[in-house]
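Hi there,

Here is the structure I promised to pass on to you. Have a look at it first, and then read my notes below.

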Amino acid sequence: MSEWICVVCSRVFDHDALENAVQITSDHGRGRSRTQTYRFVTDGSFHHLKKVKPKQPPHLPASESKDAELLQEVIETLAALPTPPVPEPELKPEQLLQVTPEIEEDKPLTAMEIAWNRRK
Ligand SMILES: [Zn+2]
């Protein structure tokens, strides 16, 4: 809903109020002036109206805080997710037991080693 303010008396009129007013000046009448003169039939008064721009909240701070909220929400959502179990490398005991003795036992002992072992 657009609003209009009188540049003379600062009275604000909404769109419905203008339904009861007669526009005196034309849109294209006075060069670049955006002020329109209206005569209000309800009380016969004249007002010089210009359109009031819709108020907007401060742009940057609102946007930043919204982004921060969104980021925090994402972090919390990720934190709430169950952590997938990390598969541990499987060491089969049989393999360890098989491999290790085979290397030592299959290696033929040298004469020196046999002699060394017998010393004990
Ligand atoms: Zn006025």
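**What I found**

C6 has L49 as its bridge partner, and L49 lies in strand 5. Please keep in mind that this is a predicted model.

Strand 1 pairs with strand 5, which covers residues 46–52, in the antiparallel sense, and four bridges join them. Strand 1 also pairs with strand 2, again in the antiparallel sense, over three bridges.

Now for the wider view. Five strands make up an open sheet with antiparallel pairing, and their order is 2-1-5-4-3. Strand 2 (12–14) and strand 3 (21–23) are the edge strands, each pairing on one side only. On average, neighbouring strands of this sheet are turned by 40° against each other, direction ignored.

Across in strand 2, E3 stands opposite D14. Which residues is E3 in contact with, leaving aside its neighbours within four places in sequence? They are V12, F13, D14 and V52. The C-alpha atoms of E3 and L18 are separated by 9.4 Å, and these residues are 15 apart along the chain.

Why is E3 called partly exposed? Because 16 other C-beta atoms lie within 10 Å of its own, whereas buried would take 20 or more and exposed 12 or fewer.

Enjoy exploring!

Best wishes

Definitions and conventions
Residues numbered from 1 in each chain as written. Predicted model: local features only at pLDDT ≥ 70, side-chain atom pairs only at ≥ 80, totals over all residues. Contact = placed C-beta atoms within 7 Å. Pairing = 2+ DSSP bridges. Helix = DSSP H or I, 4+ residues; strand = E, 2+ residues; numbered from the N terminus. Axes fitted to C-alpha atoms, helices over the stretch in contact; angles between N-to-C directions.
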